[in-house]
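Please read the sequence and the model below side by side. The briefing is meant for a reader who wants the computed geometry together with the terms on which it rests.

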Amino acid sequence: MGGGHGGDGPSTTYKGLTLPHPKRWHSLTGKGMCAMMWFWVFYRAKQDGPVVLGWRHPWEGHEDHADDHGHGHETLVDLLACE
């Protein structure tokens, strides 16, 4: 079923448990995937860190958008006040 009981390569036996040594491409692929995971974690922490840590609410939006930027978003109350 599973497991290689035929001496498929170098292995280490400890207290009756035989563990095969990983191939080089397994080690390199694992290290690359680990690095990619940590880069993603740090990227998301940079983007969403204040929200995750509770410093900012996600519905607060960005501070660089103001309501008075003059793109025709006047309310009916503002229009009636001008008359």
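Residues are numbered from 1 along each chain as its sequence is written, and side-chain values use heavy atoms, with hydrogens and water left out.

**Overall make-up and confidence**

- The protein chain has 2 helices and 2 strands, arranged β-β-α-α from the N terminus on; helices (H or I, at least four residues) and strands (E, at least two) are DSSP runs, numbered from the N terminus.
- Of the 83 residues in the protein chain, 1% are buried, where buried means under 20% relative accessible area, exposed over 50% and partly exposed in between, with a 1.4 Å probe and protein chains only.
- The accessible surface of the protein chain is about 8,300 Å², and carbon and sulfur atoms account for 63% of that surface; accessible areas come from the Shrake-Rupley method with a 1.4 Å probe, and for residues only the protein chains shown count as cover.
- The mean pLDDT (the predictor's confidence in each residue, from 0 to 100) is 78 for the protein chain, and 63% of the residues score at least 70.
- Where pLDDT is low, the predicted coordinates should not be read in detail.

**The hairpin**

- Strands E1 and E2 run antiparallel and are joined by 4 bridges, two strands being paired if DSSP finds at least two bridges between them; within this pairing, Thr12 stands opposite Leu19 in E2.
- E1 and E2 form a hairpin with 2 residues between them, and Lys15 lies in the loop between strand E1 (11-14) and strand E2 (17-20).
- Lys15 has a positive phi of about 50° although it is not a glycine, and Lys15 counts as exposed because its relative accessibility is 75%.
- Pro20 has its place in strand E2 and is exposed, with a relative accessible area of 64%.
- Pro20 and Pro10 are 10 residues apart in sequence, and their C-alpha atoms are 6.2 Å apart in space.

**Helix H1 and its surface**

- A kink of about 60° lies at Lys46 in H1, shortly before the proline Pro50; the bend at a residue is the angle between axes fitted to the seven residues ending there and the seven starting there.
- Just after H1, Gly54 takes a positive phi of about 85°.
- The structure holds 1 salt bridge, defined as a side-chain nitrogen of Lys or Arg within 4 Å of a carboxyl oxygen of Asp or Glu; Asp48 forms a salt bridge with Arg44, with the closest N and O atoms 2.4 Å apart.
- Asp48 and Arg44 both lie in helix H1, 4 residues apart, about one turn of the helix.
- Asp48 counts as partly exposed at 29% relative accessibility, and Arg44 counts as partly exposed at 32%.
- Met37, Trp38, Val41 and Phe42 form a nonpolar patch on the surface, with about 400 Å² of accessible area together; patches are made of residues with over 30% relative accessible area and no salt bridge, like charges being joined within 9 Å and nonpolar side chains (Val, Leu, Ile, Met, Phe, Trp, Tyr) within 5 Å.
- Phe42 lies in helix H1 and counts as exposed at 54% relative accessibility.

Note on methods
Predicted model: local features only at pLDDT ≥ 70, side-chain atom pairs only at ≥ 80, totals over all residues.
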